[in-house]
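The stops below follow one another, each with something to select.

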Amino acid sequence: RVYVLDFDDGAEPTWDSGWDRDENIVIFNPVEMKGNGTVDWNETFQNAHSFCEYVKEVISGGIKVKSVVFDGVDKAFEGSSDVLREHLVRSLKRLEGQVIHDTDSVTVKPLDWKIRNRIYNRLLDAFISIDANRFLITHMKPIYGNIVNPVPIGEVADWHKSTPARFTQMIHITKIKSGATTNYIAELQASKTNPSIVGKEWTVFMTNGNNIWSGIPELREGTL
């Protein structure tokens, strides 16, 4: 089986179109919404932790779990910031008797970000402790130069800066369009298990009217 913790709520269409709803792929979206249309991040993180515990129970019960996927690490990172802001809002209510509805207006002191980091890291710890192949997926975010007139000068992975130190390898996928053909190019940017092929690239997916999935042979073979 493959278990997917889907913070991005985008895995099901791929499961449907690419895998014919294979029953051995199990997708769980942990996100809970409040009545006002905002995300209940406390419940969402509790659901995500419950997912990790459930998969561990499945494995201990003797069912073979090939891989687990955490899709949307950037969204979980953003959510941990919102949990912190909500905590600060509640503290301000107690201290000042104020009613604050907009958490964006709350000033976060530098030391308070440690709370955010603990919330985020506890979930990563729980996921990484699962005894299976683990894949964590995030989007890229732009970095800017020129303070007066900010312009994008590059991209970085959208997660806490300490996150990459946890990984055995890192793969960056770029979408390149040429005419009617779109290629998805994967580059191995870091590897503790096979450093000799760092920098290698693969065309993992191509579409030009037909969808052609190639993947990464070294992942299938267990040599990466």
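Start with Lys141. This residue is partly exposed, with a relative accessible area of 32%. Keep in mind that the model is predicted.

**Stop 1: Lys141 and Asp158**

Lys141 forms a salt bridge with Asp158, and their closest N and O atoms are 3.8 Å apart. Now colour by secondary structure.

**Stop 2: Arg166 and Asp125**

Stay in that loop and select Arg166. Which residue is its salt-bridge partner? Pick Asp125: here the closest N and O atoms are 2.7 Å apart. This pair links distant parts of the chain, 41 residues apart. Arg166 is in the loop between strand S6 (151-157) and S7, and Asp125 is in helix H4. Arg166 counts as partly exposed at 29% relative accessibility. Asp125 is also partly exposed, at 40%.

**Stop 3: a salt-bridge network**

Select Glu12, Asp16 and Arg21. These residues are linked in a network of salt bridges. Zoom in on Asp16 and Arg21, whose closest N and O atoms are 3.3 Å apart. Asp16 is partly exposed at 40% relative accessibility. Arg21 is partly exposed at 39%. How many salt bridges does a search of the whole structure find? The total is six.

**Stop 4: the largest nonpolar core**

Hide the surface and go inside. In soluble globular proteins, nonpolar side chains tend to be buried together. Select Phe7, Phe70 and Leu123. Within the largest nonpolar core, which has 30 residues, these three touch the most other members. Next, show the elements around them. Strand S1 (2-6), helix H2 (41-60), strand S3 (67-71), helix H3 (73-96) and helix H4 (113-128) each supply at least two residues of the core. Which element gives the largest share? Helix H2 does, with seven residues.

Centre on Phe70 and display its contacts. Leaving aside residues up to four places away in sequence, Phe70 touches Leu5, Phe7, Ala76, Leu123, Leu124, Phe127, Phe135, Leu136 and Ile137.

Then jump to Trp202. A second, separate core of seven residues includes Trp202, along with Ala186, Val204 and Ile216.

**Stop 5: Ser80**

Return to helix H3 and select Ser80, which lies in this helix. Is Ser80 buried or exposed? It is buried: its relative accessible area is 0%, and the cut-off for buried is under 20%. Look for a polar partner. A polar atom of the Ser80 side chain lies 2.6 Å from the backbone oxygen of Phe77. Now show the neighbours. Beyond residues up to four places away in sequence, Ser80 touches Phe45, Arg116, Ile119 and Tyr120.

**Stop 6: the four-stranded sheet**

Select strands S7, S8, S9 and S10. They form an open sheet in the order S7-S8-S9-S10, with antiparallel pairing. Which strands stand at the edges? Strand S7 (169-178) and strand S10 (211-213) do; each has a single partner strand, so one side of each is left without a neighbour in the sheet.

Strand S9 (residues 201-207) pairs with S10 in the antiparallel sense over three bridges. Select Met206 and look across: Ile212 in S10 stands opposite.

Definitions and conventions:
Residues numbered from 1 in each chain as written. Predicted model: local features only at pLDDT ≥ 70, side-chain atom pairs only at ≥ 80, totals over all residues. Heavy atoms only, no water. Core = buried A, V, L, I, M, F, W, Y, C linked by side-chain atoms within 4.5 Å. Buried < 20%, exposed > 50% of the residue type's maximum accessible area, 1.4 Å probe, protein only. Contact = heavy atoms within 4.5 Å. Polar contact = N/O pair within 3.5 Å; in protein donor to acceptor, adjacent residues only side chain to side chain. Pairing = 2+ DSSP bridges. Salt bridge = Lys/Arg side-chain N within 4 Å of Asp/Glu carboxyl O.
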